[in-house]
Amino acid sequence: MIEKGQYKYIVASDLDGTLLADVNSVSDENEAAIKKMAESGICFVPCSGRTFSEMPSVLINNPYIRYYIGSDGSAIWDKHTDKRTELCMSKDDVNEVYNILKEYEAFPNVRVNGLCYVNKKMDVNEIYDYHRHSEIYKLFLRHTATMIDNFDEFVRSVESTEMICVFFAHPEEQEECAQRLLALGEFGVASSEPGNIEIFDKTAGKGNGLLALADKLGVPHENTIAVGDSKNDIDMLKKAGLSLAMENASDEIKAIAHRTICHYKEHSAKYILENILKVE
């Protein structure tokens with residue numbers, strides 16, 4: 001087992017549109033590359049807006065992956081010790097956010113203690129569609145989330161919340177709400193889907209999660225590598241020692257990254273192993 005101070009690099013990889021072949025699968029080429037990285041002293045870390053219960057089992061069960069960064073950097077999980085490092089929102093913070101969300105036609109779900117919770121009353125196709133959920137995201141929630149009664153009461157009572165993911169019926173409300181939350185100076189706001197924003201504590205974000213893990217493992221920040229394709233990857237692309245955008249990413253993401261690499265269907269972990277790390 002590799003311990004603190006023995007890792008040469010950390011490779012933090014987004015999942016959807018980056019590592020995964022589809023919603024929940026990893027190509028054989030990427031699995032082989034992850035194994036080779038681990039054997040070479042390189043720590044490969046899934047870094048996602050998903051919380052831990054939403055991570056694909058193929059990643060959770062991979063013996064060559066030990067650490068996971070979830071909920072946009074709000075939680076770091078060490079699989080070997082089952083310990084979590086959290087950069088979460090307090091109850092008071094969540095109530096402040098939730099009061100603002102109530103002013104809009106919004107569909108929130110929350111990530112708490114590694115689980116995703118959705119208002120059971122909102123679990124209706126027409127409501128998902130009205131709030132601009134993609135078909136993939138709709139299926140994703142229905143397969144991974146816990147549907148809960150008394151949702152408002154639950155959200156307001158939790159002591160520590162990783163992230164609130166919110167879908168909006170109207171794009172103008174989505175943008176206005178995001179700007180209001182950012183103006184408070186207490187929250188980070190990102191997006192992984194055209195219709196959503198993801199809200200977390202200002203100490204979190206994928207980049208802060210990555211650097212917190214690097215500090216924990218004794219890896220210099222300049223030896224961190226981040227790869228992604230979405231707006232919620234911007235934080236880690238800006239803070240990593242080397243940032244890589246996928247070919248399928250938007251021009252905005254590519255402009256932030258140091259380099260653009262392959263399309264997600266062309267095995268990003270394999271590409272990084274062979275062309276960036278140059279491990280044979």
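Colleague: Let us start with helix α9. Is α9 mostly covered or exposed?

Modeller: Mostly covered: 9 of the 12 residues of α9 are buried. This is a predicted model, and buried here stands for under 20% relative accessible area. The buried residues are K206, G207, N208, G209, L210, L211, L213, A214 and L217.

Colleague: What do the buried residues of α9 pack against?

Modeller: Their neighbours are the strands β1 (9-13), β2 (42-46), β3 (67-70), β4 (75-78) and β14 (224-228), together with helix α10 (234-239).

Colleague: Which residues of helix α6 are buried?

Modeller: In α6 (residues 135-144), the buried ones are Y137, K138, F140 and L141. The arc they cover around the axis is only 160°, which means they sit on the same side of α6. E135, I136 and H143, on the other side, are exposed.

Colleague: And what covers the buried residues of α6?

Modeller: The cover includes β7 (106-112), β8 (115-119), α5 (125-130), β9 and β11.

Colleague: Several of those are strands. In what order do the strands of the open sheet run?

Modeller: The order is β9-β8-β7-β11-β13-β12, 6 strands with mixed pairing. To find the edges, look for strands with a single partner: β9 (146-148) and β12 (187-190) qualify, so one side of each has no neighbour in the sheet. On average, neighbouring strands are turned by 25° against each other, direction ignored.

Colleague: In which sense do β12 and β13 pair, parallel or antiparallel?

Modeller: Antiparallel, over 4 bridges, with β13 spanning residues 196-201.

Colleague: Which strands does helix α8 touch?

Modeller: Helix α8 (residues 171-183) packs on the sheet and touches β11 (163-168), β12 and β13. The direction of α8 makes about 15° with that of β13.

Colleague: How many helices and strands does the protein chain have?

Modeller: There are 12 helices and 16 strands. The radius of gyration is 18 Å, close to the 19 Å from the globule rule for 280 residues, so the chain is as compact as a globular protein of that length. Buried residues make up 55% of the 280. Among contacts with a separation of 6 or more, 62% join residues 24 or more positions apart.

Key:
Residues numbered from 1 in each chain as written. Predicted model: local features only at pLDDT ≥ 70, side-chain atom pairs only at ≥ 80, totals over all residues. Heavy atoms only, no water. Pairing = 2+ DSSP bridges. Helix = DSSP H or I, 4+ residues; strand = E, 2+ residues; numbered from the N terminus. Axes fitted to C-alpha atoms, helices over the stretch in contact; angles between N-to-C directions. Contact = heavy atoms within 4.5 Å. Buried < 20%, exposed > 50% of the residue type's maximum accessible area, 1.4 Å probe, protein only. Arc of directions from axis to C-beta. Rg over C-alpha atoms; globule rule 2.2 N^0.38 Å.
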